Amino acid sequence: MSSSETLGFVGNTLLRDSAERDRNLIERHRADPEARTVAIAGDIPILRVNGVRATALLPLADLERAPVRHEQAFLGTLQGRPVFAVLLEAASIDAFKQDAAFQPIDLRSIAVQGLVPGDELGILAEAKALLFWHSRHRFCPNCGAPTALSCAGFRRDCASCKTQHFPRTDPVAIMLVHRDGRCLLGRQERFVPNMYSCLAGFIEPGETIEDAVRRETFEEAGVRVGGVRYLASQPWPFPSSLMIGCLGEALSDEITLDRDELEDGRWFSRQEVLSMIERRHPDGLSTPPPMAIADFLIRSWVEGAAGG
Ligand SMILES: [Zn+2]
């Protein structure tokens, strides 16, 4: 049976210490020689390479190569070892590129190629989403004054109007819609050629997950959905989403595509989807890679584990 624990970015074994976050956490742990840090230059993580293995957890001394640090957050502890996340300026990639001990590489590639241990992907997702938020919230949305990092990197405070700002996570509903042994998959123009995936869309303010599944499916494909069931979720740090994976029961068959959203969309039988997962479809059609929650939703339905 498919397990959501193998999804990219899901494994994160950090103890977050979220109840104790204060200003002094960073100072207190920075002196620990065992401390490690995720370093992200612009939006590119820096890996440390040792033979065929790579890690995203760098000794703090490695940061000396990049003198300009924009923000530093304390993420928590990993087996007792403090773990930080540091945002470097994009140009500092060059300081690491020159040394074969380092590999600056984008997070999608790290996940797809499996370059770091699985539980480091979750830490990278946390670091990337959090640092992205810091980079976009240097000024108070309420009064426009500069904001300052607080709570060890999990809050920003405005000294002028005293507003506290918290990191945001953007919920996205992603759904495998099915009816009578077939499922609805679509493709966006930006997808790799021949790949079909689940429909998805941002959940709007004031909307339930279930209603977002129904609304997005109707808007994109003209198909009405009745029952909706939650299956699994996945952090998706591009830049800061949480994918909420659901199964939806369609009430109708006829598809009316919104061509602005989807290049194509149609019903697929279990057998056809299985051939796509196994990469033996006669027309070369495929489904998303195993690191994506769409793969988990599709497999769950094909295997009958999800019902319907
Ligand atoms: Zn303010």
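Me: Which protein atoms hold the zinc ion here?
Reply: In this predicted model, the zinc ion has as its protein donors the SG atoms of Cys140, Cys143, Cys158 and Cys161, which lie 2.2 to 2.4 Å from the ion.

Me: And what geometry does the site of the zinc ion have?
Reply: The site is tetrahedral, and the angles among the 4 donor atoms run from 101 to 115°.

Me: How are the donor residues spaced in sequence?
Reply: They follow the pattern C-x2-C-x14-C-x2-C along the chain.

Me: Is Cys140 buried or exposed?
Reply: Cys140 is buried, since its relative accessible area is 4%, and the cut-off for buried is under 20%.

Me: What about Cys143, then?
Reply: Cys143 counts as partly exposed, with a relative accessibility of 37%, a value that falls in the range between the 20% limit for buried and the 50% limit for exposed.

Me: Changing topic, which residues of helix α6 are buried?
Reply: Helix α6 covers residues 270-277, and its buried residues are Val273, Ser275, Met276 and Ile277.

Me: What covers those buried residues of α6?
Reply: The elements that cover them include the strands β12 (182-187) and β16 (264-269), together with the helix α7 (293-302).

Me: What comes just after α6?
Reply: Just after that helix comes Arg279, which takes a positive phi of about 60° although Arg279 is not a glycine. Arg279 is placed in the loop between α6 and α7, and at 47% relative accessibility this residue counts as partly exposed.

Me: Where does Phe9 lie, and what is its phi?
Reply: Phe9 lies in the segment before α1 (24-30), and although Phe9 is not a glycine, its phi is positive, at about 75°.

Me: Is Phe9 buried or exposed?
Reply: Phe9 counts as buried, with a relative accessibility of 2%, whereas Arg279, which also has a positive phi, counts as partly exposed.

Me: Last topic: which residues does the cis peptide bond join?
Reply: The cis peptide bond joins Phe238 and Pro239, with an omega of about 0°.

Me: Where is Pro239 found?
Reply: Pro239 is found in the loop between the strands β14 (225-236) and β15 (241-250).

Key. Residues are numbered from 1 along each chain as its sequence is written. This is a predicted model: local features need pLDDT of at least 70, side-chain atom pairs count only at pLDDT 80 or more; totals for chains, interfaces and linings use all residues. Side-chain values use heavy atoms; hydrogens and water are left out. Buried means under 20% relative accessible area, exposed over 50%, partly exposed in between (1.4 Å probe, protein chains only). Helices (H or I, at least four residues) and strands (E, at least two) are DSSP runs, numbered from the N terminus. Contact means heavy atoms within 4.5 Å. Donors are N, O and S atoms within 2.8 Å of the metal (3.2 Å for Na, K and Ca); water is not among the atoms, so sites may look incomplete. Four donors count as tetrahedral if all angles lie between 85 and 135 degrees; four count as square planar and six as octahedral if opposite donors are over 155 degrees apart and all others between 65 and 115; anything else is irregular.
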